Amino acid sequence: MDEHRNTHILLNEGLIRKIVYCIDKAIGEDQTQYLRENHRETNNAIILLRGDNINTNLRNHVVKDEIDLIPFQRYGWSGRMVIDRKNHITYSIMTEGTLLTVPRKKNRENPHYLHSVLFVENGDCIARQRQMTLQDFGITIFDTDVLEEDFETISQGLIDKNEDYKHYIVAYKADHGEIQSITLKFLDKDFNVVDETSLMQYIKPDFARLTDVGPAEETDEENRENKQGLVAIKSGLKPKLREVEKKA
């Protein structure tokens, strides 16, 4: 086992660039298009729509070769995790605000999916500074069996716990259709920071948005990604993923 994986982020720059593009497109171009085409008195659906757009963009622009999308169901809510099979890393995407509230919510009857994923994948990781534990927050600590069984439900057999997978979180903050901050976070099982790095350098300036001309046109490179970004899955995994996605 590579101990370096327990203390530092392994940056797959090509994959990260595409993930950031998917998020930026969802909260910018996709949201603008929705508002243009749907004239509502109120737009309360925007927050939920943003997540749907991110997941759709991930399917269209990220899934390829050894990069898959894992679907999972959480009490009426459908989620997705990106899995980099070559480097044995999984990714989840959420707002900075949501990430802050996850470890602080008390009296949970069931673990948040991050509790289970971090416990199984990042359980042996070493944080820079262990400031707090879940017990310090007064959070109910779930039994090991509960967290491991929940992880199996989330991963649905698509992640082998013996292959030393690590989990990273892409946490972002957005306002008025623009990303204000976006960070790749590597946390231990108690949500302490192991390693983190800003991803702001991967956001391409949208000059059309800045000048209020209209949605930016995609580059030739992005068009090629759109056409080529169809699902390419190893033959042994394809039937399994199809079965899983029907359930999600």
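Student: Is K189 buried, partly exposed or exposed, and what is its relative accessibility?

Tutor: The model is a predicted one. Buried means under 20% relative accessible area and exposed means over 50%, with partly exposed in between. K189 counts as partly exposed because its relative accessibility is 31%. D190 has a relative accessible area of 7%, so D190 is buried.

Student: With which residue does D190 form a salt bridge?

Tutor: The partner of D190 is K189, and their closest N and O atoms are 3.5 Å apart. A search of the whole structure finds 11 salt bridges. Some are linked with one another: R5, D124, D164 and K166 belong to a network of salt bridges.

Student: How should I read a salt bridge within a helix?

Tutor: The general idea concerns the helical turn. An α-helix has 3.6 residues a turn, so residues three or four places apart point the same way. Now take the case here. R17 and E13 form a salt bridge in which the closest N and O atoms are 3.4 Å apart. Both residues are in helix α1 (residues 13-37), and because they are 4 residues apart, about one helical turn separates them. R17 is partly exposed at 38% relative accessibility, and E13 is partly exposed as well, at 40%.

Student: Which residue meets R85 in a salt bridge?

Tutor: The side chain of R85 meets that of D68, at 2.7 Å from N to O. This pair links distant parts of the chain, for R85 is in the loop between β2 and β3, D68 is in strand β1, and 17 residues separate them. R85 counts as buried at 11% relative accessibility, and D68 is buried at 2%.

Student: How may I check the length of a helix, for example α5?

Tutor: One compares an expected span with the distance between the end C-alpha atoms. Helix α5 (residues 144-155) has 12 residues, which at 1.5 Å a residue should span 16 Å; the end C-alpha atoms are 16 Å apart, so the two agree.

Student: Which residues of α5 are buried, and which are exposed on the face turned away from them?

Tutor: The buried residues of α5 are L147, D150, F151, I154 and S155. They cover an arc of only 125 degrees around the axis, so they are on the same side of α5. The face turned away from that buried side carries the exposed residues D145 and E149.

Student: How many residues of α4 are buried?

Tutor: Helix α4 (residues 113-121) is mostly covered, with 7 of its 9 residues buried. These are Y113, L114, H115, S116, V117, L118 and E121.

Student: Which element gives the most to the lining, and what classes of residue does the lining have?

Tutor: Helix α2 gives the most, with 8 residues. By class, the lining of the largest pocket comprises 15 nonpolar, 9 polar and 6 charged residues.

Note on methods. Residues numbered from 1 in each chain as written. Predicted model: local features only at pLDDT ≥ 70, side-chain atom pairs only at ≥ 80, totals over all residues. Heavy atoms only, no water. Helix = DSSP H or I, 4+ residues; strand = E, 2+ residues; numbered from the N terminus. Nonpolar A, V, L, I, M, F, W, Y, C, P; charged D, E, K, R; others polar. Buried < 20%, exposed > 50% of the residue type's maximum accessible area, 1.4 Å probe, protein only. Salt bridge = Lys/Arg side-chain N within 4 Å of Asp/Glu carboxyl O. Expected span 1.5 Å × (residues − 1). Arc of directions from axis to C-beta.
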